[in-house]
Amino acid sequence: MLKFSRGVDQDRAAAAGGLQQIAFARSAAAAAQPSRLPTLVATAATVAVLYFARDVFLPLAIAILLTFALAPLVSRLRRVGCPRSVAVVGTVTTAFLFLSAFGAVIAMQVSEVAQNLPTYQYNIVEKVRTLKETGSESQIFERIGRVIERISTEISRPEPEVRASPEPAPETQPLLVEIFSPQRPVETLKNIINPLLGPLATTGLVIVVVIFMLFEREELRDRFIRLVGYGDLHRTTEALQDAGARVGRYLLMQLVVNITYGIPLAIGLSLLGIPNAVLWGMLAIVLRFVPYIGPVIAAALPLFLAFAAAPGWSLLVWTAALFIVLELVSNNVVEPWLYGSRTGLSPLAIIVAAIFWAWLWGPVGLVLSTPLTVCLVVLGRHVPQFEFLEILLGNEPVLDPKERLYQRLLAGDPDEATDNAEDMLEEKYLVEFYDTVAIPALLLAERDRARGALTNAQAAQIAQSANTLIANLEEIAGEEEGEEETGAQAQETGDDDADEYDLPLGDGKSVLCVGGRSDLDDVAASMLAQTLWIQGAEAAHAGHDVLKAGNIKALKLEGRNAVVLSVLDRDFMRHAKFTVRRLKRMAPAARIGIVLWQEDGRPDTAERDQLVESLQADFVVFGMGDAVREALSDELPRSLKLAHPKIAPGYAMRRSKRADRESTAKAD
């Protein structure tokens with residue numbers, strides 16, 4: 001009993017130690033995984049600081065962006081030989097003088113428009129009356145007016161009050177008396193200057209900050225690297241260069257695009273007779289910095305003026321046509337030519353960023369939304385803690401083509417998978433798409449199935465969607481069937497990828513492609529059969545069920561030049577030897593081979609030859625191109641080597657004794 005109790009205690013102690021080790025391992029694994037909570041907390045705190053301290057950060061943000069925009073000009077002047085002080089002060093002075101003149105012209109034009117507005121009242125009333133007469137037959141406007149009048153009357157009607165006591169006498173209200181006193185000149189001047197102090201102070205602060213940033217640009221860069229990324233100089237330097245290049249290129253090219261839009265707009269509006277055409281052209285240059293919303297606002301004001309300035313409707317139609325033509329030319333000709341509107345942001349991210357920065361900093365934030373968001377994307381690209389910013393805001397695909405195809409097949413959406421495949425097939429052939437995208441997607445599914453993450457129903461759904469994809473690509477396969485210039489183009493261009501997919505013709509060849517052990521193998525066999533059909537061979541495919549003992553004899557192998565087993569799971573190779581032997585006995589004139597699909601890490605020639613010898617197959621390959629070449633090869637099939645097992649000692653004696661006993665039993 002004592003020994004037993006000691007043994008139990010030892011077992012309990014060992015179990016406790018094992019549990020402690022497991023708990024320690026779990027805690028270590030949890031500690032190894034990076035937590036996103038500090039990043040989210042830091043992001044929320046940063047947004048709060050930017051919102052409540054916007055009076056400080058808004059001029060600083062404007063100064064930084066202007067520094068990005070003016071730095072290339074200063075650098076160019078320095079390379080010419082201009083001193084630093086002259087280059088910086090001259091560039092900043094020229095830029096702000098231009099901005100001041102721009103603002104002064106806009107202010108004068110706006111005041112002129114305000115003075116002329118009363119003259120357009122008659123045209124507006126006449127057009128409204130015309131619209132009202134047009135709809136008088138159905139009395140639409142009258143009905144709408146009566147409904148609005150009834151609703152307003154119902155809203156303004158006072159509710160009856162229930163009084164428990166007699167109504168008291170109304171109290172007399174005191175009369176309001178307003179005292180007018182003439183203002184002194186000092187007070188008048190103060191009322192004029194006070195609203196201007198804030199903008200003037202902000203402008204002066206921005207000018208000073210820009211000048212000092214341009215003077216100390218290299219010093220600020222070194223301090224930022226020492227503060228943020230001293231441990232990784234390469235990554236920090238690359239981030240700074242990327243941010244500066246992107247923001248500077250965006251501001252410069254967008255300015256050029258806007259100027260090429262605003263000047264023709266002003267000329268066109270002037271020829272049409274729109275008042276203050278210069279104002280609308282200059283506003284278009286500024287407002288087009290605001291993504292998506294700016295061009296609409298820039299077009300709305302001239303269209304309203306065209307509606308009010310002329311009694312007819314032709315001016316409005318011509319003005320709208322002018323805006324449409326300029327937008328088409330700018331979006332489809334000027335921007336692609338200058339390559340200025342591509343900032344690395346997705347369209348949805350641009351809209352969301354505009355809403356966010358407008359809420360944070362108002363109209364100025366709306367104008368600065370795109371360059372500020374570009375800086376955030378660059379931060380997410382080079383700083384691992386903020387990688388989610390690039391994923392959410394960037395325009396680069398976050399999934400590989402194989403992962404995207406696998407996700408669509410898993411979701412049961414072969415239509416979108418077909419659309420993505422057709423986009424890729426504009427640049428590559430179908431065999432390359434199958435080999436580099438479709439087969440790797442099936443390999444991802446096979447890995448999930450092997451580790452238990454993919455159920456049988458999901459695997460069947462993937463196979464069904466993939467078969468639909470193959471059927472949808474049948475038309476493209478038919479277009480490629482008649483192309484015979486692939487090899488010639490590959491030799492002319494000397495491209496390695498083209499040489500890899502320079503496949504032989506299969507005229508007069510008959511090939512059967514069979515799935516190995518699952519529905520996913522059947523899909524891969526269908527892709528191989530379609531590729532062989534493109535090469536001109538008579539290709540057919542069969543499911544993995546035909547390899548079962550009761551079904552394999554029903555295979556029609558007469559006249560087949562090759563039979564190819566399609567396998568995604570490497571474990572199938574344990575049983576492949578027996579399948580190869582059966583097929584060789586049934587079709588001795590056909591080449592029997594196996595394609596073990598692999599995306600990377602393919603075995604070398606020695607290992608492949610060893611597999612061929614052990615399986616007694618005619619070939620073992622690992623990709624689409626090699627599978628097509630071996631299936632269409634003119635080589636003769638290898639003869640099947642029959643096994644001769646050795647007879648164990650005493651086997652003949654035991655067999656004779658068994659025969660004697662059986663004969664004695666029959667005699668009795």
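Predicted model: local features only at pLDDT ≥ 70, side-chain atom pairs only at ≥ 80, totals over all residues.
Two strands count as paired when DSSP finds at least two bridges between them. I start there since the sheet comes first today.

Strand β3, residues 562-567, and strand β4, residues 591-596, pair in the parallel sense over six bridges. As an example, Ala 562 has Arg 591 in β4 as its bridge partner.

Helix α23 packs on this sheet and touches β1 (510-515), β2, β3 and β4. The direction of α23 makes about 165 degrees with that of β1. A further helix, α24, residues 573-586, also packs on the sheet, touching β3 and β4; the direction of α24 makes about 160 degrees with that of β4.

Now the sheet as a whole. The sheet is open, with five strands in the order β2-β1-β3-β4-β5 and parallel pairing. Which strands stand at the edges? They are β2 (538-542) and β5 (619-621); each has a single partner strand, so one side of each is left without a neighbour in the sheet. From one strand to the next, the twist averages 20 degrees.

Back to α23, this time with a helix as partner. Helix α18, residues 430-450, and helix α23, residues 519-534, pack at an angle of about 175 degrees, and their axes are 10 Å apart. The two helices are therefore roughly antiparallel to each other. On the α18 side, the contact includes Leu 430, Tyr 434, Leu 442 and Glu 446; on the α23 side, among others, Val 523, Met 527 and Ile 534. By class, this contact has 12 nonpolar, two polar and one charged residues.

Which helices supply at least two residues each of the lining? Among them are α3 (54-80), α4 (84-116), α7 (185-215), α9 (233-272), α10 (277-287) and α13 (347-367). The lining of this pocket has 36 nonpolar, seven polar and two charged residues.

Technical notes:
Residues numbered from 1 in each chain as written. Heavy atoms only, no water. Helix = DSSP H or I, 4+ residues; strand = E, 2+ residues; numbered from the N terminus. Nonpolar A, V, L, I, M, F, W, Y, C, P; charged D, E, K, R; others polar. Axes fitted to C-alpha atoms, helices over the stretch in contact; angles between N-to-C directions. Parallel < 35°, antiparallel > 145°, perpendicular 65-115°, else oblique. Contact = heavy atoms within 4.5 Å.
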